[in-house]
Amino acid sequence: GGGIDAVIAAMQTHTLIGGVQDFGCQALSSLSDNDNNKVTIAAGGGIDAVVTAMQTHASNADVQINGCSALRNLAYNDNNQMAIAAGGGINAVITAMQTHASSAGVQSS
């Protein structure tokens with residue numbers, strides 16, 4: 001989808017800008033409520049974009065909350081579960097939970 005591709009492209013282009021990564025993860029999280037979008041996001045590099053955002057902005061709780069939320073939603077697809085694991089998503093979530101142990105938002109995401 002055009003909107004999904006635009007979000008992923010923005011995240012890939014502006015990797016060092018926390019706000020872009022936060023809103024990108026938030027958008028992908030919302031869009032991934034739809035089963036077809038889960039496939040489109042994964043095929044378009046969205047899983048890698050989310051994991052990269054979480055790794056690059058490890059100290060940014062908002063990126064971590066929305067990144068965890070996006071990965072959670074995307075993981076409701078069996079193929080995406082494999083891609084998330086292979087792409088470092090599990091480690092990104094664990095790191096987020098450890099880094100932000102006192103953040104209720106990160107812990108619940």
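Colleague: What orientation do helices H2 and H5 have to each other?

Modeller: Their axes come within 8 Å and cross at roughly 25°; an axis here is a line fitted to C-alpha atoms, for helices over the stretch in contact, and angles run from 0 to 180 degrees between N-to-C directions. The helices themselves are DSSP runs numbered from the N terminus (H or I, at least four residues; strands are E, at least two). Angles under 35 degrees count as roughly parallel, over 145 as roughly antiparallel, 65 to 115 as roughly perpendicular and the rest as oblique. H2 and H5 are therefore roughly parallel.

Colleague: Before we go on, what kind of model is this, and which pLDDT do its local features need?

Modeller: Residues are numbered from 1 along each chain as its sequence is written, and side-chain values use heavy atoms, with hydrogens and water left out. The model is predicted, totals for chains, interfaces and linings use all residues, side-chain atom pairs count only at pLDDT 80 or more, and local features need pLDDT of at least 70.

Colleague: Thanks! Which hand does the crossing of H2 and H5 have, and how many charged residues are in their contact?

Modeller: H2 passes H5 in a left-handed crossing; that is, the near helix is turned anticlockwise from the far one by less than a right angle (clockwise would be right-handed). Contact means heavy atoms within 4.5 Å, and the residues involved include Gly-18, Asp-22 and Ser-29 of H2 and Asp-62, Ser-69 and Asn-73 of H5. Ala, Val, Leu, Ile, Met, Phe, Trp, Tyr, Cys and Pro count as nonpolar, Asp, Glu, Lys and Arg as charged, and the others, Gly among them, as polar. By these classes the contact of H2 with H5 has four nonpolar residues, eight polar ones and, as charged residues, two.

Colleague: Which residues does Ser-69 touch, leaving aside its neighbours within four places in sequence?

Modeller: Ser-69 lies in helix H5 and is buried at 12% relative accessibility; buried means under 20% relative accessible area, exposed over 50%, partly exposed in between (1.4 Å probe, protein chains only). Beyond those sequence neighbours, Ser-69 is in contact with Ser-29 and Ser-109.

Colleague: H5 also meets H7, so how many nonpolar residues does that contact have?

Modeller: The axes of H5 (residues 61–74) and H7 (residues 89–99) come within 10 Å and cross at roughly 140°, so the two helices are oblique to each other. This crossing of H5 past H7 is left-handed. Gln-64, Cys-68 and Leu-71 of H5 are in contact with Gly-89, Ala-92, Val-93 and Ala-96 of H7. Among these there are no charged residues and two polar ones, while the nonpolar count is five.

Colleague: How far apart are the closest N and O atoms in the salt bridge of Lys-38 with Asp-35?

Modeller: Side chains of opposite charge can pair when their charged atoms come close. A salt bridge is a side-chain nitrogen of Lys or Arg within 4 Å of a carboxyl oxygen of Asp or Glu, and a search of the whole structure finds one. Because they are three residues apart in helix H3 (residues 35–43), Lys-38 and Asp-35 are separated by about one helical turn. In their salt bridge, the closest N and O atoms are separated by 3.5 Å.
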